[in-house]
Amino acid sequence: MGTAADLSQECRVIRASGELDILTTPLLSGDLARAQRGAQIPYVVVDLTQVTFMDCSALGPLCVARATCLDRSGWLRLVYVGRTIGLLLRIVDLTGVFPRYATVDAARQGVVSASPR
């Protein structure tokens, strides 16, 4: 898994790629923590469009980071286009917690997209 984080803007963007599994999720956790550090009100977009596989191990850090953002009057939004991430979120009943955003710009603006079938 690779990650890139744009921490210079008011809305911080984390871009993940490759596989998010038990071995690579700690990298995501670190990026999520850095994205929230120093931000008075954390607005975080996690771009998963280049993620080829994601298992449940990534959900814990995403939920913790989201809770931290909400506690500080911010938000955390997920960008994904593939069906597999949407299916994973449906299986664990987190589609209401993490609605789908089709692009980073849509996530910044709060424009939710329908989940791919």
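This is a predicted model: local features need pLDDT of at least 70, side-chain atom pairs count only at pLDDT 80 or more; totals for chains, interfaces and linings use all residues.

Colleague: Great. How many helices and strands does the protein have?

Modeller: There are four helices and five strands. Going from the N terminus, the order is β-β-α-β-α-β-α-β-α.

Colleague: And what share of the residues is buried?

Modeller: Of the 117 residues in the protein, 41% are buried. As for contacts between residues at least 6 apart in sequence, 65% of them join residues at least 24 apart.

Colleague: Let's talk about rings. How many aromatic pairs does a search of the whole structure find?

Modeller: The search turns up one. The partners are Tyr43 and Trp75, with ring centres 5.1 Å apart and planes at 50 degrees, so the pair counts as tilted.

Colleague: Why tilted?

Modeller: Because planes under 30 degrees apart count as stacked and those over 60 as edge-to-face, with the rest called tilted. The 50 degrees between Tyr43 and Trp75 makes theirs a tilted pair.

Colleague: Which strands do Tyr43 and Trp75 lie in?

Modeller: Tyr43 belongs to strand 3 (residues 43-54) and Trp75 to strand 4 (residues 75-79), so their pairing ties together parts that are 32 residues apart in sequence.

Colleague: Is Trp75 buried or exposed?

Modeller: Trp75 has a relative accessible area of 17%. That makes it buried, because the cut-off is under 20%.

Colleague: What lies over the face of Trp75?

Modeller: That would be Arg77, at 3.7 Å from the ring centre.

Colleague: Since we're on arginines, what about Arg12: buried or exposed?

Modeller: Arg12 is buried, and its relative accessible area is 11%. You'll find Arg12 in strand 2 (residues 11-20).

Colleague: And what does its side chain reach?

Modeller: The side chain of Arg12 reaches the backbone oxygen of Arg37, at 3.2 Å.

Colleague: New topic: helix 3. Which residues are buried there?

Modeller: Helix 3 covers residues 83-91, and its buried residues are Ile85, Gly86, Leu88 and Leu89. Looking down the helix axis, they fall within an arc of 160 degrees, so they line one face of helix 3.

Colleague: What do those buried residues pack against?

Modeller: They pack against strand 3, helix 2 (59-71) and strand 4.

Colleague: Which exposed residues are on the face turned away from the buried side?

Modeller: On that face, helix 3 carries Arg83, Thr84 and Ile91. Just after helix 3 comes Asp93, which takes a positive phi of about 60 degrees.

Colleague: Could you pick a residue from helix 4 too?

Modeller: Let's take Ala107, which is in helix 4 (residues 104-109). Ala107 is buried, with a relative accessible area of 0%.

Colleague: Which residues does Ala107 touch?

Modeller: Leaving out residues up to four places away in sequence, Ala107 touches Val45, Trp75, Arg77, Val79 and Tyr101. So we are back at Trp75, the residue whose ring pairs with Tyr43.

Colleague: How far apart are the C-alpha atoms of Ala107 and Val46?

Modeller: They are separated by 9.1 Å, although the two residues are 61 residues apart along the chain.

Colleague: Last one: how many disulfides does the search find?

Modeller: It finds zero. As for cysteines, Cys56 is partly exposed, with a relative accessible area of 44%. Cys63 is partly exposed too, at 30%.

How values were computed
Residues are numbered from 1 along each chain as its sequence is written. Side-chain values use heavy atoms; hydrogens and water are left out. Rings of Phe, Tyr and Trp (its six-membered ring) pair if their centres lie within 6.5 Å; planes under 30 degrees apart count as stacked, over 60 as edge-to-face and the rest as tilted. Helices (H or I, at least four residues) and strands (E, at least two) are DSSP runs, numbered from the N terminus. Buried means under 20% relative accessible area, exposed over 50%, partly exposed in between (1.4 Å probe, protein chains only). A charge sits over a ring if NZ of Lys or CZ of Arg is within 6 Å of the ring centre and within 35 degrees of the ring normal. A polar contact is a pair of N or O atoms within 3.5 Å; within protein, one must be able to donate a hydrogen and the other to accept it, and residues adjacent in sequence count only if both atoms are side-chain atoms. The arc is that of the directions from the helix axis to the C-beta atoms. Contact means heavy atoms within 4.5 Å. A disulfide is a pair of cysteine sulfur atoms within 2.5 Å.
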